[in-house]
Every structure is written in structure tokens, then in C-alpha cells.
Amino acid sequence: MLKQNILSKIAKNVINHIHEGLIITDEKGNILFVNPAFEMVTGYVAEEVIGENPNILQSGVHNKEFYESMWNEIIHHGFWEGEIWNKRKNGELFVEWLKIHSIKDSQGAITNYVAIFSDITERKKNIEQLKKMAHYDILTGVPNRYLLTKRIESLIQTSRKYNQQFAVLFLDLDRFKYVNDTLGHLAGDLLLKKVAQRLKGILQRKDTIARIGGDEFIIVLPNLRHIREAIQIAEAIHEALKAAFRLNGHEAYISVSIGISFYPHDGEDIETLIRNADRAMYQAKVSGRNHFEVYHSESHDQDQQGFFLENLLRKAVIHKEFELHYQPQIHIETKQIYGVEALLRWKRPDIGFVSPSQFIPIAEESGMIIPISEWVLLQACEDLKRLSLTYPHLKMSVNISAIHFQQADFVKKLEQMIEQSNVNPRFLELELTESTIMPRAEKSIEQLVKLKQLGLKIAVDDFGTGFSSLSYLRRFPIDILKIDQSFIKSLLSSYDDASIVTAIIKMGQNLRLSIIAEGVETEKQFKFLRQQGCDYAQGYYISKPLPFAELQEFLKEWTAIIGGNTDG
């Protein structure tokens, strides 16, 4: 008897101190006993629930079939376990993990039910939060790459089954880096949030928007009847992002480049569809940004050709397949040779010459333009040194890539090349386009001043095709303007082009700059330029670009015909 009392006391202590709620009912389900943990979780005290049915806790979340299934398990198997939503006394819903056992007497008749439950509301919130973190972008709240992948996988299966098409839109914000660098990363984060909100505002519930990193978003438009629907969304996106964004007291404007691919036409798997949409987006950027492009297989062929050419280009640097050709420049009035322009040529052993218009963009995109440009500069300096032995006043003009010019060590390395070749920098001219020096004008002026201090001359190439500010042009320490050959080509057939050429010449004279016209092909063009007071000319009317050995012969013959030496 004593042993039983001790065990009873121990059992009572355990029941009163365990963290799980406990309910004991009679065979009809009326509550006979609850422990303190029950009171803590539900808010009911024991006196309020004794004699009541546990259904006073029902939340209304589960339907009638849920409870019928639960009790069917208990009656037939004597046990049920699962997750269930209940309601506290104050009306607050909570989720619990519930176990219900039926207790039977020696004859097998049910005498009681025992329910044990744990409040798992917080744990479930944490799990849901972890799921959200795993599937959603924390900053913007839209799906991340993982969830996007899962949704496209499911969409591919559905679209294949029902013969449907869908679109993948690849978005890249055009001016995000500028905002980030100017206003700071907090403003950049706020901008991304607001962009996501605007994008969600123009999409339907069936559509998916995801942020896949940085300032890149992907939108998926399922079950399209016509590709026109995707194009309409792209146009709506441009319109939605047109208005200013308020960022911590500042106004910011951005645009977006969009590439579009379609299932199944442009790919039947996730990787291909996203890659092709990305390629189309890149084409949109090349076309001037704030633009959208639909993927075309032709551009894929060009990508493959570009990849093949890039590999050949890397080998060309190693195997020294490049050479320089030189196009003479003459003084229009005296017809004496003023200088030569160094032009890069790539001669493949198997296919011959490759056009610069094909390989220069690839060299710039891959970063190989730096070693190639350094080779060009050094070779031009060495050839100038050799030419100076016979033609001491001949100028050497070299084109400089924007990427090369913007390198922090550009001036230092150029100075080393001049010293290495022992050439007089007074006779070296660097040609830079307007698009190279204008975007970062203040930085460009600083760089140009350093070059002028070395003694070099600076020419602005392709002048008239960019958007130069004349106020900046006056501040640039430049010596020469080169009139773009597109104006010279239609000089005699277009009144507008003739007027532009005349205006550039007059402006150059007023600014005390020398003027060179490139692309001169006829005597009539040459005479027009002379009448307008243009200083120098180059083009096929004088000579095509020549390899070094042929250039030496040309200079010898020209000097013999014209007389005198090169123009100083």
C-alpha cells in the first residue's frame, strides 16, 4: 500500500511538471482531468473545462472530414498522432502536435481517452521562416533562384503535357551601379525593393518574378496564347520603371534591358531558356539599353562564332599573328607626308586576314584588348624609331582603346615603352574617340594632361559622330580633330554633311586645332577639303594601309615625286 502511495505521488508530480499538456476524458469524451501545462497553453483553468468536451478548443481550421478520419483511427486502432490547429481561451490560434490514446478495460471496452500535446507554434514559425529564407530573396521578398528553378521545372512538365508555351524574361537594371556608387548601398537596396514592388504590380498571380542576384530579375509568364503577350509585358515593365524612385530624400531614374526567350521554341530545359533570355538581354544592352530583344537563333550562332574567335584570338597573342599596316597622312597644301596611322591587322595562317570589326569587339569584351593594345603601341614606337632615321619629322598615330585608356597604369606603361624604344614622344600621336573621353570627362582631362606632359600629341578620332560638349572640348588638352570618314564619303552628295565638315574645320581653326580628314577617296573630295582650309588628309586617294616594308617604298617614291622631306 505504501509503495502504491509513493508511485501515485511520483506520477502526480510528473504529470504536474511535464511541459506537455495532458487531457484525460471518460469514454464519452468529457474531460475528467487536465494538468498545469494544459492551463498554460490554452489559457483555461481546470475548473472551466472539467466536464466539457475538448471540442471547445476547436479552431475552425479543419473540416468535418478531418475529425471523422481522426476518430476513425482512434476507435479502430486505439491511437492517433498528428498536427492540429486549436484555439486558446483568448481566441488566438495555435498549432500543436497531438497524440490521443484510447484506454480499455480487461473486457476490451473503452473507458477513457488520454491526449498529450505540445505547442509547436513557435517552432513551426521558425520552420516556415527557414523555408522562406531558403526559397525567397530576403531583400525583395520575391522567389530566389532555387524556387524559380522548381517552378520552371513544374511549368515545363505542364506545358509539355498540354502543348502550351511560356516566356522567360531576363531583366537587368541599366543604371543600378550608378545609383549604388552615388547614393550608397542602402539606397541601392531600397531601389531593388521598389523595383520588385513595381514589377509585382503589373504581373498576374499565375506569373512568377524572381531575383537571381545583384540587379538581375527573371519573370516567367505561363500559358501564353501568343508571343505578343510577353512583348506587351516587356513594354509595361519599361513604362512602370520610367517614373522617378524616391530614395532617402533623393530622386533616381533607371531603365531596364530585357531579353525574352520562349518555351519550347528557344529551349526545352531551364538552363537553355535562361541562357538564351540572357543573350537576348545582352543584345538589348548593345542596342542602347532601355530596350527589349526577343532571342533569335541567329544570335546564338554568332555567340558560338564569337566563342570560337575568342579562342583563336588568345592563340594569336601567343603566336604573334598580328601585324601593323600604316596609312600615310599628307599635308593638303604642300602634299608632303605629315605622318602615318598604325592600323592593326590579324593574319591567320589558315584563313588569311580577319576583319578588325570582327575581332576588336571580342578583344574588348574578353579583356584581351589590353595585351593587344600594348603590343600595338610598342611595335608602333619601334617602327617609328626605324622610320625616324630617314624621316626625322614623321608623326606616328596610334588608336587607343577606351578600355586601355582607362587603365590606372596606362600612362606609366606607355612611358616605359617610349623609353624602351628610345623614340621621341613629340612624334607620337594618340587617337581617342569622343566616346572614350566624354563619359568620364574629368578623369580623362587628368589622364590627357599626364600624356601631354610626356610630350605626346592627342587627336580626337571619328569627330562628329559622338555627343561632345564644346565647353569640355575647350578644356581637353588636344591637338587634332579627325573628321569621321562617314561625312567625307557623302561630302559631295549631301549638303548637310558638307556643312558639318565645313563647320568642324572652322571650329578647329578657331580653337587652334589641326584638322585631319580620313576616308578621302577622290580628287573632288580632296579639292573641297583644300578649299575649306582642312590641314591634312588620309585615305585611298593617297594610299591604302601598307605593311612596313611597302610603306618604306611608298615614302621613298612620294618624297622623290613631291620633293623635300616629310612635313615637320
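Two strands count as paired when DSSP finds at least two bridges between them. Keep that in mind while we look around this predicted model, starting with a hairpin.

**The β3-β4 hairpin**

The hairpin of β3 and β4 has five residues between its strands, and G91 there takes a positive phi near 90°. β3 and β4 run antiparallel to each other, paired over nine bridges. One spot to look at is G82, which stands opposite L98 in β4.

Over in β4 you'll find I100. Is I100 buried or exposed? Its relative accessibility is 8%, and because the cut-off for buried is under 20%, I100 counts as buried. Leaving out residues up to four places away in sequence, I100 touches M70, I74, G78, F79, W80, V114 and A115. I100 and G82 sit 18 residues apart in sequence, with their C-alpha atoms 9.2 Å apart in space.

**The sheet around that hairpin**

Now zoom out. β3 and β4 belong to an open sheet of five strands, ordered β2-β1-β5-β4-β3, with antiparallel pairing. The edges are taken by β2 (31-34) and β3 (79-87); each has a single partner strand, so one side of each has no neighbour in the sheet. From one strand to the next, the twist averages 25°.

Elsewhere in this sheet, β1 (residues 21-26) pairs with β5 (residues 110-119) over six antiparallel bridges. I24 has V114 in β5 as its bridge partner. Helix α4 (residues 64-77) packs on the sheet, where it touches β3, β4 (93-104) and β5, and its direction makes about 150° with that of β3.

**Another five-stranded sheet**

There's also an open sheet with the strand order β7-β8-β6-β11-β12, and here the pairing is mixed. Which strands stand at the edges? They are β7 (208-213) and β12 (292-294), and each has a single partner strand, so one side of each is left without a neighbour. The twist in this sheet averages 20° from one strand to the next.

Within it, β6 (residues 165-173) and β11 (residues 256-263) run antiparallel and are joined by eight bridges. F170 has G259 in β11 as its bridge partner.

Two helices go with this sheet. Helix α6 (residues 145-162) lies across β6, β7, β8 (216-224) and β11, at about 135° to β7. Helix α9 (residues 228-240) packs on the sheet too, touching β6, β8, β11 and β12, and its direction makes about 165° with that of β11.

| α4 (64-77) | β3 | about 150° |

Notes:
Residues are numbered from 1 along each chain as its sequence is written. This is a predicted model: local features need pLDDT of at least 70, side-chain atom pairs count only at pLDDT 80 or more; totals for chains, interfaces and linings use all residues. Side-chain values use heavy atoms; hydrogens and water are left out. Helices (H or I, at least four residues) and strands (E, at least two) are DSSP runs, numbered from the N terminus. Axes are lines fitted to C-alpha atoms, for helices over the stretch in contact, and angles run from 0 to 180 degrees between N-to-C directions. Contact means heavy atoms within 4.5 Å. Buried means under 20% relative accessible area, exposed over 50%, partly exposed in between (1.4 Å probe, protein chains only).
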